[in-house]
Amino acid sequence: MRNERFGSFGLATAPARKAIPADEAIALLKRGEAKAGSLLGYGNGRSYGDSCQNDAGMVVDMRPLNRIRSFNAETGVLEADAGTLLCDIIAHAAPYGFFPAVVPGTQFVTLGGAIANDVHGKNHHRRGSFGCHVEALTLLRSDGRTYRCSQTDNVRLFAATIGGMGLTGLILSASIKLMRVPSLDITEKATRFRDLGEFFDLAEAADQANEYAVAWIDQLAGGKRRGRGLLFIGNHAEHGSHAAARAGSRLSVPMQPPFNVLNRPFLTVFNAAYRWKKGRSAAPRQAGYQGFFFPLDGIRDWNRLYGPRGLFQHQSVVPEANARRIVPALLEAARRAGEGSFLTVLKRFGDVRSPALLSFARPGYTLTLDFPNRGERTLRLLAELDRIAVEAGGAVNPYKDARMGPETFAASFPQWQRLEALRDPAFLSSFWARTAKRLDVRSGVSEAAE
C-alpha cells in the first residue's frame with residue numbers, strides 16, 4: 001500500500017522509501033557523519049511533485065519539531081520550530097489580532113516548508129512572498145555547525161535557504177513577522193468577467209484597491225464563453241472573529257477510487273455550478289478565513305479523487321507585457337489536448353522583491369492548472385505548457401512540478417548555479433537530481449557559506 005505519510009500531494013510520484021526521525025538526523029549532522037546526498041527535510045508533504053523526495057537517500061521527518069517558541073504580541077514576531085503547521089501559527093496569533101502576511105492555498109504546510117519553497121498567496125501585489133516576512137532562521141549543516149541566518153548574519157545562506165527547496169541544510173526554527181489585522185474574517189466580493197480581456201482590464205485596479213485578489217477560470221468553456229470566470233477580491237473585515245476555526249474537516253475521501261472521479265463530464269457540471277453559486281451576487285459578503293484562503297482543506301485527502309495515478313499540477317508565471325497573449329495560449333493548449341483542469345487559478349504578481357536567491361513569484365501573471373495523470377498524453381501537454389511559458393520569458397514552479405526537464409528549470413531560474421554552490425553536500429532532492437544535476441555547472445562558480 002502507498003505510504004502517503006511520506007508521499008507527494010500529487011500522488012504521481014513514488015513516496016519516500018526511507019524516512020529518519022528529526023532527532024536522529026540532527027545527531028548525525030552534528031557528528032559530521034551524514035553522507036553525500038543522503039538527506040532531505042520533509043514537512044507535511046503538500047508539495048505536488050518530487051521536490052520533497054530523495055530517492056537517493058532518505059527524508060527527515062520534521063513534523064515532531066512543532067513547538068511555538070515565542071510570540072511578541074506588540075510586534076507580531078513569532079518564533080517556532082520548522083515543523084510547526086501554519087494552522088497552529090494562525091490559531092496562536094489570532095486572539096492578539098495577527099495573521100500571517102502570506103498564506104498559500106493550504107494551512108497544512110510547515111513553517112520550514114513555507115520558507116524552503118518561498119510560497120506565495122493572494123496578496124503578492126502587496127506583501128510579496130513568504131520569504132519577505134522571515135526575520136531569521138536557524139540552519140544545521142553537515143559540517144556540524146548551526147548557522148543563524150538573516151539579512152545581516154550569514155546573508156548568502158539566508159538568501160539561498162529561502163526558496164532553496166531544503167537543499168542548504170536542515171531548517172530547525174525560524175522567526176517570522178505576522179501582519180496585524182482587524183479580524184480573521186474576510187469581506188469578499190465576486191465579479192463575473194466574460195473573457196480574459198475583461199479580466200486583464202480589471203486585474204490591476206483590483207490589486208491596487210484590495211489586500212487579496214485571485215481569479216477562477218472556467219477552463220472548459222468554449223466559443224463565446226471562452227476565458228470566462230470570476231474575480232474574487234477580499235480584505236480583512238473590520239468587525240469579525242478573532243478566533244481561529246478548528247483546522248481540518250469532517251468531510252474526507254476515505255479511500256482512493258480505482259479511477260479518476262474528476263473527469264471531463266464532472267468538471268463541466270462542476271464549473272457551471274461553481275460559476276453560478278459564487279457569481280450569482282456581486283454584493284460584498286463576510287466569509288470565514290478558511291473558506292476564502294483554504295477552500296480545498298475542507299475535504300481531507302481530496303487529491304485521492306484523481307485515482308491511483310494521481311495528478312500533475314502546472315503553475316507558470318509570465319511577464320505582464322506578454323500575459324494577454326500567453327495566458328490564452330496556455331489555456332488553448334490544454335483545450336486542444338482534451339484535458340480538463342479541476343481548479344484553474346489566475347492571479348497577478350506584483351513587484352515586491354523576495355530576499356530569496358531562487359523565488360518562483362516574480363512580476364507578471366501566474367496560471368495554475370491541475371490535470372489527472374494520463375501518462376504520456378499528459379506529459380506531452382505539460383511539456384508544451386513549459387515551452388509556451390519559457391519562450392515568453394516566464395518560469396515554471398518547481399515545488400508544483402514532477403517532470404520538468406533540466407533546460408526548463410535552467411531557463412526559469414538562471415541563478416540556479418548559485419544555489420548549487422551553496423547546497424549542503426549531504427542534502428539532495430529527487431527534483432534537484434532530475435534537473436540541476438543534469439546541467440553543466442560552469443567552472444569557477446563558488447560561494448562560501450558565510
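The crossing of helix 6 and helix 9 is right-handed, a term that applies when the near helix is turned clockwise from the far one by less than a right angle, anticlockwise being left-handed. Helices here are DSSP runs of H or I with at least four residues, and strands are runs of E with at least two, both numbered from the N terminus. The model is predicted: local features need pLDDT of at least 70, side-chain atom pairs count only at pLDDT 80 or more, and totals for chains, interfaces and linings use all residues. Residues are numbered from 1 along each chain as its sequence is written, and side-chain values use heavy atoms, without hydrogens and water.

Two packed helices are described by the angle between their axes and the distance between the axes. For helix 6 (residues 196–209) and helix 9, the angle is about 145° and the axes are 11 Å apart. Axes are lines fitted to C-alpha atoms, for helices over the stretch in contact, and angles run from 0 to 180 degrees between N-to-C directions. On the helix 6 side, Leu196, Gly197, Phe200, Asp201 and Glu204 meet Glu320, Ala323, Arg324, Val327, Pro328 and Leu331 of helix 9; contact means heavy atoms within 4.5 Å. This contact of helix 6 with helix 9 has six nonpolar, one polar and four charged residues. Nonpolar covers Ala, Val, Leu, Ile, Met, Phe, Trp, Tyr, Cys and Pro, charged covers Asp, Glu, Lys and Arg, and the others, Gly among them, are polar.

Helix 9 (residues 320–336) also packs with helix 10 (residues 376–391), at an angle of about 165° and with the axes 10 Å apart. Helix 9 contributes Ile326, Ala329, Leu330, Ala333, Ala334 and Arg336, and helix 10 contributes Leu381, Glu384, Leu385, Ile388 and Ala389. These residues divide into nine nonpolar, no polar and two charged.

Glycine 163 is in the loop between helix 5 (155–161) and strand 9. Glycine 163 has a relative accessible area of 8% and is buried, that is, under 20%, with exposed over 50% and partly exposed in between (1.4 Å probe, protein chains only). Leaving aside neighbours within four places in sequence, glycine 163 is in contact with Ile115, Ala116, Asn117, Asp118, Ala356 and Leu358. The C-alpha atoms of glycine 163 and leucine 419 are 9.7 Å apart, although 256 residues separate the two along the chain.
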